[in-house]
Structure formats: structure tokens, C-alpha cells
Amino acid sequence: MNQAQKAGSSEAGIIARDISLSYNGRLVLGSISLQLKKGAVITLLGPNGCGKTTLLKVINCLLQPDRGKVYVEGRDASAIKQNDMARLIGHVPQTQRPSFPFTTLDIVLTGRMPHISALSQPGPDDVEKARQALENVGALHLAGRAYTQISGGERQLVMVARALAQEPSYLLLDEPTSYLDFKNQFSVLNMISRIAGEQKVTAVMTLHDPNHALMFSDEVVLMRKLRFGEGGGFGDDGNCSKKASLSRQIQQSIIAAGGAHEVMTPENIREAYGIEVEVLSIRGRRMIFPLQKGNGKDQAESSLYPSS
Amino acid sequence: MWIEELIGIVRERLGKSLLYIAFLTLPIFAFFISMFIGSFPVRPEELLDLIASNMLGYESGYPEVYSTVIFQVRLPRILLGMMVGASLSISGAAFQGIFRNPLVSPYILGLSSGAAFGAALCLAYLPEVSVQFAAFFFSLTAVGLTYFMASSKGSTPVVSLVLAGVIVSAVFDSLLAIIQIAVSERALQSIVFWIMGSLGTASWIKIYSAFPLFALGCSVILLLRWRLNVLALGDEEARSVGLNPELYKAIFIVAASLAASSAVAVAGIIGLVGLIVPHMLRMIFGPDHRALIPLSLTFGASFLVLVDDFARAGMGFEVPVGVITTLVGAPFFAYLLRSVRSGGWE
């Protein structure tokens, strides 16, 4: 978390400095400072309501934080024009509400928006780029199909292709695995990490499964849900130092950020989700294994494997 | 179903692009067909001779009544019908795109209620003010009120727009009702007739006065039409690719309202055209606004003119065209809705 302070604003990547945001009087994001390194696959992880989606929107300037600043490649994000921002950052939203049965290619073509000058329309070059983007995600065969008549997994691919058609340096993906079956979750995540490597795109995604985070990301940002009211934080009674430090912690969204393996410790996961887990090593890979509280059988079994 | 099959066959034989060209050139055929239709029969060679003599300035030798019927009655009516049909359809298509809903018409923001109130106000109490101007002014006032009511903190959600439109329409409908109760029988009759929508009062003055704003509104929509595809995916999706949804919503609402208001001001409230035409085209050509918008312009123009041909010559007496668009449109619409899967929209 100190990386942000160390890093100069000229450094490439996205830097968030002391971001706080309240929604309807509830603190959603508390003093977030972090650096998203260029070229990495970064996962934002945390329980429901911890503000992962909100943080993505703040990074993409879709939401303005109450406090703090976001720097994209050293530039103050709030000063970047919407159009320039769309060339830097592609965003794959969580839910899509299909309206008209546009063809898949037409949907991807809308990603060319930041490259199309005022009053003009997409030309043959743009169509070619849109087709390339579809090919990159392995969905070119869907080009002529109606977006409303393809499966949820295919739709996810199409939305990634739309973001790629923007030719961005950063790709923000909000729960790219939601609504997908077991196999499609893996193929989408594989595709994201492949594209991040091939296209030199920095991928920042939110996920729900800690194991996916371990498998597919270089870095993890683990977040907690802020509890409003608990511990005060507004100096209501007394000045007990322990309470003050507790409240400061509760006002802080990020539990840990850094290399996936360093962040995903049983202690941090307990802190985030409130459940006990053990980190197992199986066939050279680490797996996060949830333990049922108070169930001795599970714990005895898992202790066969050394945890780190 | 035979219409679907027919469309399928035509599409297969000619390809979509030829069908597209056919629809784009439809107004030319609609224009010439309409020139011959009417209670005063004119043969093709007579028409050509008349047009030639009028343009080249020589004496045609036909009685004066020929030239009056063709150039002062029929021609302005056809041109006005084309303009009104085109503007209602293009603005309907734009509104459906902005609202991401194919069941929206240009009247969704209170435009028609405002226009009806304005026209009634003039017909009842202000004979010195032009009905066209009052209808135009109040239709835009209604849209402006709706927009103002729906926007808060710099954003104008689509749902708020729809609800505000309902409220503003209701207010103007109530005001209209007060006028209708208070006025004389004769004034009431002309108000009712105006509201029904008709091209019977077409004149060159109406065409000249409505054309500039019609052209302005349509050109803006035509120029920016691809951005309706971007908008139709949702505000946040639009913003993430660098399109300011609030700005473009406002631009499209202004342009579509200008086009529709200028049409309503000269022809009254012609129903269902702005809803049906874009919807039918979407079923045939798909939802891409790059094709849908120009097609709405040409097919809308042809559609209304042909329906008006029927209105003025199909029966023994003249029926307001607005009544016929509704009567012709509704069953056809119902048929398409039932036969094409989900009305081409899911």
C-alpha cells in the first residue's frame, strides 16, 4: 500500500491516491491508495458490497470520488477528456441490458467510438478492427448473429471484444465470470490472461472466487466491506487510542495488495470474508480451501498438507 | 406466414442491399403514383406536358383548372405529406433508439399534447395568431418542460423522461379539455378536426414555413445516426467508449422534437406513423441505425403519402389521414408483432 507513495506520478500505470467515496451517507470506499502496474493482470477481490465495482468505475472516471485522485499514466484522470479516456481504458461492465437485436459485429463496432471523429461514421478500417477484436476473443463466428440470441458466455466474449476494439492500454472487467458455467469461467479467464500478454494490455478485473484470483492474476487487491457506524470514526465519545486505530482500520477498504501469493493468506482471507480457510499446495499449485467452522474432521484432513 | 416468406424470397433473390435501395427510392414511385390519384383525373401525358410547360414557361393549352389542381392542390399536398411522414418516422426512430424501446413514439415527451393545446388555444381565443406557430411553440414547450422535470444533478434518466412525459401530457390534455368545454360549437369542431390530423389544408406556405426546421432536425439525426447504436446500449456503456450520453440524448431529443413539431404544427396529430414505420423497417432490415434512419426518412415519406392517397380518393368523402394511418397501421402492426419473433426485439 506504500507503493503509491513511493511511486512518482510520472510512472506508467494507474495510481490511486487516498480515494474515498460515500454513497447515500455510507462510506463505500475508504482511503484507497494503490498502484496498478502496467502489463500485469490484477484482480480486485472482496466480499459483496466491498466496493470493487465502484472502485473500477472510479478508476474509469465513471464516478467521481469524494476525496483523492486517480492518475492514469501520470495524468490526473479527472482532467482527461472522456474520449481520450476511452482510448486509454476499456471497460467491460457487469450487466448488459440488451435492447435491440444488434448484430454482434455492430456491438463490437461501438467500441470504435473514441477513434471516430465527430459527425463521421465507422469506416472499413473500423469494421476490420472490430472483426480482429472478435477474432482475438475467439468469437468471430458470432459476427453476424444477433446479440440478443447468443449465450451469456458468448455475450461476455463480445463485450470484451468491444472493449478491445477501443485499443486501450488498460482493460477493466467487472466480474467477467458472473453468470458463466464452470468451463466458460475458465475459458474467459484464460482468454483475458492470454490477451493481456499478447496485446500488452493491463487487465484489472473483479472476481468472486479466490482460487481464480490465485490462478489467473499477478497481483491481488483484497478489500473489505466497510461497516458504517462501527467504532465511530467521528470522534463521538472519548479518545481511546485503541478505538481510534480500530476505526481507522475499519475506514480503510484495502486489506492487502501485492503479489497474489503474498496477499492470499488465510489471515487476510478471514479478514475479508470472515471465514476460515487453509491454503493448500496441490501439484505445485496453491488452492484456497474453505474450512467449515468448528468441523474438526475437515481440519484434520487438511493438515496433511503444509500451508504456507 | 406469407409476408415473412415474401420478405425472405425478395431478400434472397435481390440481396439485402437491393432491397435497401428499393426502399430508399420508394418516394419517387410514391410521388408519381400520387400525382395521378384524386377526384380530378389526369393522364400521364397530360401531367408531363403540364410540368414541362410550367418549367419551361410555354402555354400548355390546357384549361386553367388543370394547372391549379396539379400545382396548387395536389403537389403541395403530396410534398407536405412526404415531409410530415418523413419527419414523424425519423423522429420516431431516433426516440426509440434513445429510449432503447421500440414501443416509443415521437409523442412520448408530451409533444402532441402540447401541440393540441396550442392549436386549440388559437382556434378558440386567438384568431390573430397562426395555429401552426402556436402548435409548434407549445409542442416544444411541452418537451422542454418534460426534459426539465426529468433532469436532476446533470443526468436525465430515460425512466424519468417517460414519467415526466406522462405528467406533462396529462397537464396539457387537461388544459385542452377546459378549452374544449368552454368554447363554441364551431370552434370545438375545428379543434377536433385539427387534432385528428389531416393533410387537407396543405399549401405552399405551410411547406416553406415547416421545411427549414424539418430539414435541420432530420440532417442532425442523419449525420449522427450511428451514435444512436452507441446510445442504445445504455448510458454507462456509452460513457465507457467516450460518448457523453447526456449530451447526445439532448441533441437527439432536440433534433427529433424539431422535426416532429414542425410536422405536427402543419398536419395535426397523425398517429402511429412514428411508431410503426421504424418498427416495420427494423423487422426487415435489423436495428442498425446507420440503415434504419435513412430508411425511416424515405419509407416514412412514401407510407404517409400513399395512405393519404387513400384518404382523399379511396372513399366517397375525405377522411383525415390520421384516422387512416391508425386504422391501416394497427392491424398490420399487430400482424407483424405476432408473426416476426418478439417483434424483432427481445
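This is a predicted model: local features need pLDDT of at least 70, side-chain atom pairs count only at pLDDT 80 or more; totals for chains, interfaces and linings use all residues.
I started with the area buried between chain A and chain B, which comes to about 3,000 Å². Carbon and sulfur atoms give 57% of that area.

Next I looked up who takes part. I count 36 residues from chain A and 34 residues from chain B in the contact.

How many salt bridges does the rule find across the interface of chain A and chain B? I get 2. One I wrote down joins the side chains of D106(A) and R290(B), at 3.0 Å from N to O. I also looked for polar contact across the interface of chain A and chain B, and the rule gives 6 residue pairs, both partners at pLDDT 80 or more.

I then asked which elements of chain A give two or more residues to the side that touches chain B. My list reads α3 (82-88), β6 (89-92), α4 (104-109) and α6 (152-165). Sorting that side of chain A by class, I have 17 nonpolar, 15 polar and 4 charged residues.

I put the volume of the largest pocket at about 750 Å³. Its lining has 24 residues, and nearest the centre I find L62(A), L63(A), D235(B), E236(B) and R239(B). Elements giving two or more residues to this lining are α3 of chain A, plus α6 (158-182) and α10 (235-240) of chain B. Which element gives the most? That is α10(B), with 4 residues. By class I noted 10 nonpolar, 6 polar and 8 charged residues in the lining of the largest pocket.

Last, salt bridges over all chains: the rule brings me to 19. I picked out R67(A) with D18(A), whose closest N and O atoms are 3.1 Å apart.

Notes
Residues are numbered from 1 along each chain as its sequence is written. Chains are lettered from A and ligands numbered from 1 in the order in which they are written. Side-chain values use heavy atoms; hydrogens and water are left out. Contact means heavy atoms within 4.5 Å. Buried area is the accessible area (1.4 Å probe) that two parts lose on being put together, summed over both. A salt bridge is a side-chain nitrogen of Lys or Arg within 4 Å of a carboxyl oxygen of Asp or Glu. A polar contact is a pair of N or O atoms within 3.5 Å; within protein, one must be able to donate a hydrogen and the other to accept it, and residues adjacent in sequence count only if both atoms are side-chain atoms. Ala, Val, Leu, Ile, Met, Phe, Trp, Tyr, Cys and Pro count as nonpolar, Asp, Glu, Lys and Arg as charged, and the others, Gly among them, as polar. On a 1 Å grid over the protein atoms alone, a cavity is a set of points where a 1.4 Å probe fits but cannot get out, and a pocket is an open set with protein on both sides within 12 Å along at least five of seven lines; lining residues have an atom within 4 Å of a point. Grid points are joined across faces, edges and corners, and a volume is the space filled by probe spheres set on the points.
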